[in-house]
Amino acid sequence: MKCSVIIPAGGIGKRFGSQVPKQFVELDGVPIIIHTIRIFDKLEDVEGIVIPVHNEWFTHTKQLIEKFNCSKVKEVIIGGVERQDSVFNALHTKTVKESEIVLVHDAVRPFADPVMVQNIINLTEEYGSVIPGLTPKETVKERNNKGMVIKTIDRNKLSLVQTPQGFWNDVLISAYEKSAAAGFKGTDEASLVEFIGYKTTIIDGDDSNIKITTQFDLKIAELIMNERNRTA
Ligand code: C5P
């Protein structure tokens with residue numbers, strides 16, 4: 001099946017506290033977004049990559065892609081106000097429309113394991129909606145808005161969800177269109193798929209597949225990168 005990848009990179013990094021959005025910060029001398037693109041650039045099943053970015057970073061992104069020779073990036077487009085809007089715009093590109101499977105992966109997750117990604121592609125072919133997740137290590141509690149505990153939730157029934165998330169194209173497009181029509185907002189693609197009543201399968205995620213959101217996450221990312229370089 002033809003597979004395309006959307007890498008939403010339209011955030012401006014409000015929580016990160018730097019002038020440069022986190023996806024453009026360098027890790028081991030290479031921008032985080034390039035590390036992320038390379039995971040998919042190397043996979044044979046991936047035919048094309050689409051990257052939504054904020055308009056202020058459009059030219060910079062195009063220059064990076066050329067400089068680092070990311071050959072499978074077919075389209076850099078303007079993203080939207082929210083992540084969901086950025087992905088919505090990408091779903092309407094030629095690259096995505098021509099594919100049968102679409103993966104969506106955060107630009108700020110540069111350590112996704114290629115074996116896990118390939119597994120997600122294979123399982124998506126079969127099931128139509130597959131995502132990686134991890135069981136929480138901490139005890140999880142529900143609280144009210146005053147900080148009072150309501151109850152403890154059985155963590156073995158929970159998953160902390162990562163990306164890439166894989167879908168049959170028609171499932172994701174339908175989920176986005178129906179969510180947009182209903183004004184439904186979700187923080188990942190799978191919640192929109194859930195909204196239209198389609199079942200999603202969760203597979204084991206990976207501890208290293210962190211989402212770089214804060215300066216602390218960047219420090220962890222540096223440690224992971226050093227460890228990988230040491231053992232390469
Ligand atoms: O903001 P958050 O950390 O959830 O962002 C996750 C991913 O979505 C990042 O790669 C970010 O650049 C992207 N994003 C986007 N368009 C937005 C906001 C975030 O593509 N408007």
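Is Y176 buried or exposed at 3% relative accessibility? Select Y176 to begin the tour: at that 3% value, Y176 counts as buried. Keep in mind as you click around that this is a predicted model.

**Stop 1: an aromatic pair**

There are four aromatic pairs to find here. Now colour helix α3 (residues 83-91), which holds F88, and helix α6 (residues 169-182), which holds Y176. Because these partners belong to separate helices, their pairing ties together parts that are 88 residues apart in sequence.

**Stop 2: the cysteines**

Next, select C3 and C70, and show their sulfur atoms. The whole structure has zero disulfides. The cysteine sulfur closest to that of C3 belongs to C70, and at 17 Å it is too far for a bond; a disulfide would need the two sulfurs within 2.5 Å. Both residues are tucked away: C3 is buried, with a relative accessible area of 1%, and C70 is buried too, at 4%.

**Stop 3: a pocket**

Finally, select L134, L160, Q162, D207 and I210. These residues lie nearest the centre of the second largest pocket, which is lined by 14 residues. Its volume is about 360 Å³. Colour the lining by class and you will find five nonpolar, three polar and six charged residues.

Terms used: Residues are numbered from 1 along each chain as its sequence is written. This is a predicted model: local features need pLDDT of at least 70, side-chain atom pairs count only at pLDDT 80 or more; totals for chains, interfaces and linings use all residues. Side-chain values use heavy atoms; hydrogens and water are left out. On a 1 Å grid over the protein atoms alone, a cavity is a set of points where a 1.4 Å probe fits but cannot get out, and a pocket is an open set with protein on both sides within 12 Å along at least five of seven lines; lining residues have an atom within 4 Å of a point. Grid points are joined across faces, edges and corners, and a volume is the space filled by probe spheres set on the points. Ala, Val, Leu, Ile, Met, Phe, Trp, Tyr, Cys and Pro count as nonpolar, Asp, Glu, Lys and Arg as charged, and the others, Gly among them, as polar. Buried means under 20% relative accessible area, exposed over 50%, partly exposed in between (1.4 Å probe, protein chains only). Rings of Phe, Tyr and Trp (its six-membered ring) pair if their centres lie within 6.5 Å; planes under 30 degrees apart count as stacked, over 60 as edge-to-face and the rest as tilted. Helices (H or I, at least four residues) and strands (E, at least two) are DSSP runs, numbered from the N terminus.
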